[in-house]
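This briefing goes through one protein chain by topic. Please keep the sequence and the structure at hand while reading.

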Amino acid sequence: MDPVGMAVSSPAASGRDTGSMDHLITSTDPTHPANHICSLCRNFYSLGWVTGTGGGVSIKRGPHIFIAPSGVQKELMQPADIFVMEYETLSYIRKPPVLKPSACTPLFLAAFDRGAGCSIHTHSQWAVLVTLLVEQEALRKGTPLADICFEIEKIEQIKGIPKGRGKEGMFGYFDRLKVPIIPNTAHEEDLTQSLEDAMER
């Protein structure tokens, strides 16, 4: 088992050469997950949504999950740095040498189990600031922190957000978008249960 609790396929045990798995991350198509993750990370870095090695991105395509590594500057990430997991077995079938998979992997899997196609872990200063302000307001009102969320309505940008699993259509200008806020922990993988609970609200 690796540090985030996922099985790791051994080349000797599986009879596969890890080098032969590089075809999973090699493509000239910019929308291929290995390329797309790298371009997203560069864009997020430019926007200030991630800083340094913080944050992460994962994309599920077909039977595979493509995961950004831990400890790599987001603006410098290359397709060769990407991990590939087999979704059915939760085994890594491609691991770059030296690098470690994202500690957020259990969180990504929780999202994919609920139908997501991509999961983004941001270190945006604005997202952090919003959570602190909402938490402060909840404490002032005596609202249980387990129930807090960021709420917004009458803003054009929410029209690009789907209404959610099992619901048709996109949010409208007069709809109210609620984004659950969960208490932070020292280790990202420890957020899994509270994230799962929030996604089921």
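The model is predicted, and the protein chain averages a pLDDT of 88, with 91% of the residues scoring at least 70. Residues 7–18 have a pLDDT below 50, and in the model this stretch makes 15 contacts beyond near neighbours in sequence.

**Helix α2**

- Helix α2 spans residues 33–47, which is 15 residues.
- From its first C-alpha to its last, α2 reaches 20 Å, close to the 21 Å expected at 1.5 Å a residue.
- The buried residues of this helix are Pro33, Ala34, Asn35, Ile37, Cys38, Leu40, Cys41 and Phe44.
- What do the buried residues of α2 pack against? Their partners are the strands β2 (56–61), β3 (64–67) and β8 (118–121).
- Gly48 follows α2 and has a positive phi, near 85 degrees.

- Trp49 sits in the loop between α2 and β2.
- Trp49 has a relative accessible area of 38%, so it counts as partly exposed.
- Together with Leu47 and Trp126, Trp49 forms a nonpolar patch on the surface.
- The accessible area of Leu47, Trp49 and Trp126 together is about 350 Å².

- The structure holds seven salt bridges.
- One of them joins Arg114 and Glu200, with the closest N and O atoms 2.8 Å apart.
- This pair links distant parts of the chain, the two residues being 86 residues apart.
- Arg114 is in the loop between α3 (105–112) and β8, whereas Glu200 is in the segment after α5 (192–199).
- Glu200 is partly exposed, because its relative accessible area is 47%.

- Which residues are linked in a network of salt bridges? They are Glu137, Arg140 and Lys141.
- Glu137 pairs with Arg140, the closest N and O atoms being 2.5 Å apart.
- Glu137 also meets Lys141 in a salt bridge, at 3.6 Å from N to O.
- Glu137 and Arg140 lie three residues apart in helix α4 (residues 125–141), about one turn of the helix.
- Lys141 and Glu137 are four residues apart in α4, again about one turn.
- An α-helix has 3.6 residues a turn, so residues three or four places apart point the same way.
- Is Glu137 buried, partly exposed or exposed? Its relative accessibility is 32%, so Glu137 counts as partly exposed.
- Arg140 has a relative accessible area of 60% and is therefore exposed.
- Lys141 is exposed as well, because its relative accessibility is 57%.

**Glu75**

- Glu75 is located in the loop between β4 (69–70) and β5 (83–86).
- With a relative accessible area of 22%, Glu75 is partly exposed.
- Which residues does Glu75 touch, not counting residues up to four places away in sequence? Those residues are Arg42, Tyr45 and Gly52.
- Between Glu75 and Phe171 there are 32 Å in space, C-alpha to C-alpha, and the two are 96 residues apart in sequence.

**Ser119**

- Ser119 is part of strand β8, one of the strands that the buried residues of α2 pack against.
- Ser119 has a relative accessibility of 12% and so counts as buried, the cut-off being under 20%.
- Leaving aside neighbours within four places in sequence, Ser119 contacts Gly56, Val57 and Ser58, and also Phe108, Ala111 and Phe112.

- Leu90 is not a glycine, yet it has a positive phi of about 55 degrees.
- Leu90 is in the loop between β5 and β6 (91–94).
- The relative accessible area of Leu90 is 32%, so this residue is partly exposed.
- Lys154, also not a glycine, has a positive phi of about 55 degrees.
- Lys154 is placed in the loop between β9 (149–153) and β10 (176–180).

Note on methods:
Residues numbered from 1 in each chain as written. Predicted model: local features only at pLDDT ≥ 70, side-chain atom pairs only at ≥ 80, totals over all residues. Heavy atoms only, no water. Expected span 1.5 Å × (residues − 1). Buried < 20%, exposed > 50% of the residue type's maximum accessible area, 1.4 Å probe, protein only. Contact = heavy atoms within 4.5 Å. Patch = residues over 30% accessible without salt bridge, like charges linked within 9 Å, V, L, I, M, F, W, Y side chains within 5 Å. Areas by Shrake-Rupley, 256 points an atom, 1.4 Å probe, with all protein chains shown as cover. Salt bridge = Lys/Arg side-chain N within 4 Å of Asp/Glu carboxyl O. pLDDT = per-residue confidence, 0-100.
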